[in-house]
Amino acid sequence: MVSSCGALSPSELAARSGWPRALLEDRTKMPEIVDDVSSFLSFLCYGDHSAAQMCVLRGGLQKLGLADSLHPAFLDAVRRGVDAVECVAEVIDKNLAGWCNGLDGDVFCWPSGSSTRQTIKHGTMRKRLERCLEQTRNGAVAYIAELSHDNKSPHCLTGEKCRALTTRDMRDSVGGRLPMWDRGHCFVGGEGVGSCLHVDQAWWSNIAKNFLGYKLVALWGPDEAEVALAKCEGQLMRRPLSQEQCEVLCLASRVALMQPGDIVSFTGGLPHVAMVVGDGLNVTAYESFVNFHPRSAELLLRGAARTPERGVMPLRALHGLLDDVVDAVRLAETYGDSSNIFPIQAAPPACGMCPAELLAQFRKVLLRRARCARRMLGSSCVQDSSSEDSSSSSDSEAAAKVKVADDGSRAAQCCTTPAMDHEDESAARPCKRQRPSEIS
């Protein structure tokens, strides 16, 4: 029930969003809500996310020292703004945050009364915003997604080259590492906009850091995923909802209302949708990660086995992602408990296993994928498999089960693909850069 989760009552939420009040009042669909940082980090780093589990850390931005990780001039502009497009245009035109290297992102809009998204393509960010303004003046609503710096620059804490607008992220605050952890980008919008129903390009987990405004999030479980996607994939759940959209929403396993300052974690490998509610603009920043739970590895590999198509991570980026995960596991095995590999701020895993035991099981799952087995074991001239082989009793047996190449060819690959930036290629600007698919 979301009545205990924010300042907006279920009746007000239902009226403003169009979502069924019965759904918003259903206690069985509530996420786990915690106030303790260590408990939240235990879920994030060690928890099973594969069955639509969701965890909310109330006031998490303040508790983890992230409240000032976005430039105050940018946040002030959003607080004053009433339209996301005009707000971001003002930030660019007046250089309010000192972001002199420019901004980039995806510009989406929905014509009045429509749940089908349009993408404003081609040209600079500023020119796309101007074209979007023409539509919003005619009643359309707009959403700025994947907002980031236009070019990579060294991060102020680590020196790594990235485009993130945030100066500090969750990954900088936990005192350890995970098999994969990417800095993400920001999303800005007003009431009635958000992400369409989708699964992520790679089946990793997400962290949503809600800086301003309110946002509803719904997540479907494995049993309902196929039906939800078949009926409503690509649709934004905004009023007026169709009967079919209402029915699909009621199948959701988890529904949460993100308040200002909250941090929320859930898998991107199951269908999810998000929508802004309330009077003010919403700003949410995201990170993507893969934790140490073996079911996270299983979900990642199932997502990787999908046929390459729109919405699925391209093979080259996928290879880089898998290689990075394997390298992180090998590093964790090398240092183990003797270093800060395992996040020191997280409470012990709720499943009762120690982090090293979870790591060992995670490793076994990775060995089902031939590319991972080859990189893990140092085998050369071994063909890949794009399917999940059953795990074997020994590492050598796992490597020997390889039959078909990841890229669809029968040629043996005698060297691994170098690790790379494994962000998705934008559909709007496929040659611009790679970045995560929309997750907010």
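**Ground rules.** I number residues from 1 along each chain as its sequence is written, and I work with heavy atoms for side-chain values, leaving out hydrogens and water. Because the model is predicted, local features need pLDDT of at least 70 and side-chain atom pairs count only at pLDDT 80 or more, while totals for chains, interfaces and linings use all residues.

**Cores.** I looked up the nonpolar cores, each being a set of buried Ala, Val, Leu, Ile, Met, Phe, Trp, Tyr and Cys residues joined through side-chain atoms within 4.5 Å; buried means under 20% relative accessible area, exposed over 50% and partly exposed in between, with a 1.4 Å probe and protein chains only. The largest core has 82 residues, and those with the most contacts inside it are Phe-74, Ile-144, Leu-147 and Met-170. Its largest share, 8 residues, comes from helix α11 (residues 315-335), where helices (H or I, at least four residues) and strands (E, at least two) are DSSP runs numbered from the N terminus. Another core, of 24 residues, lies apart from it and includes Leu-197, Cys-232, Leu-249 and Val-277.

**Met-170 and helix α3.** Leaving aside neighbours within four places in sequence, I list among the contacts of Met-170 (heavy atoms within 4.5 Å) the residues Phe-40, Leu-41, Leu-44, Trp-181 and Glu-287. Phe-40, Leu-41 and Leu-44 are also among the buried residues of α3; 8 of the 10 residues of this helix (residues 37-46) are buried, so the helix is largely enclosed by the rest of the structure.

**Strand β5.** I then turned to β5 (residues 141-149), which is mostly covered, with 8 of its 9 residues buried. Strand β3 (residues 103-110) pairs with β5 in the antiparallel sense over 7 bridges, pairing requiring that DSSP finds at least two bridges between two strands, and Val-107 stands opposite Ile-144. Strand β8 (residues 180-189) also runs antiparallel to β5, joined by 3 bridges, and here Leu-147 faces Cys-186 across the pairing, standing opposite it.

**His-185.** I placed this residue in β8 and found it buried, with a relative accessible area of 3%. A polar contact of 3.3 Å joins the side chains of His-185 and Glu-146; such a contact is a pair of N or O atoms within 3.5 Å, and within protein one must be able to donate a hydrogen and the other to accept it, with residues adjacent in sequence counting only if both atoms are side-chain atoms.
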